[in-house]
Amino acid sequence: MTDGSDIKLWDIHGSLIKSLVEKLKEKAKVVWSSDGTTLLTTEYGDNMFYGPVRVWDAAGNLRGTLMDEKATNIDEKMTVSTDLSPDGQGIITALQSVTGYGPVQLWRADGQFHKTLIPKIGGSPDHPVGG
């Protein structure tokens, strides 16, 4: 998706159900659970900034925001990987930047934080990971 686009939810017949996110900054990643009950949206741009991560139900109702811009908007380039459990009840997020990895966190499908699996690990701006 490009700047100014929306994330829209359509039914199987091509009828618009709802606009989920209007006027994206740049692009978005959308992930459906295999059972069709949960949808994740993540906004990002060419500068590798990801956020916010939002959780929706199949009707397009916002369940929660896992990570908002304030949580991930830092001075270094950062990416976040997101995925859903097969039953749509669990969400995993993993952050990565030039200074390290983590945290890797589990969330409930309602957007509530569950636990941290791996804390932030890695280098520093002077000693980047993999450098």
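Predicted model: local features only at pLDDT ≥ 70, side-chain atom pairs only at ≥ 80, totals over all residues.

Reply: Residues are numbered from 1 along each chain as its sequence is written, and side-chain values use heavy atoms, with hydrogens and water left out.

Me: Which residues is L66 in contact with, leaving aside its neighbours within four places in sequence?

Reply: L66 belongs to the largest nonpolar core, which has eleven residues. Such a core is a set of buried Ala, Val, Leu, Ile, Met, Phe, Trp, Tyr and Cys residues joined through side-chain atoms within 4.5 Å, where buried means under 20% relative accessible area, exposed over 50% and partly exposed in between (1.4 Å probe, protein chains only). Contact means heavy atoms within 4.5 Å. Beyond those sequence neighbours, the partners of L66 are V53, V55, I91, T93, W107 and G111.

Me: Is D35 buried, exposed or partly exposed?

Reply: D35 sits in the loop between β3 (27-32) and β4 (38-44); strands are DSSP runs of E, at least two residues, numbered from the N terminus. Its relative accessibility is 39%, so D35 counts as partly exposed.

Me: How far apart are the C-alpha atoms of D35 and S85?

Reply: Leaving aside neighbours within four places in sequence, D35 is in contact with P86, D87 and G88. D35 and S85 are 50 residues apart along the chain, and their C-alpha atoms are separated by 9.8 Å.

Terms used:
Helix = DSSP H or I, 4+ residues; strand = E, 2+ residues; numbered from the N terminus.
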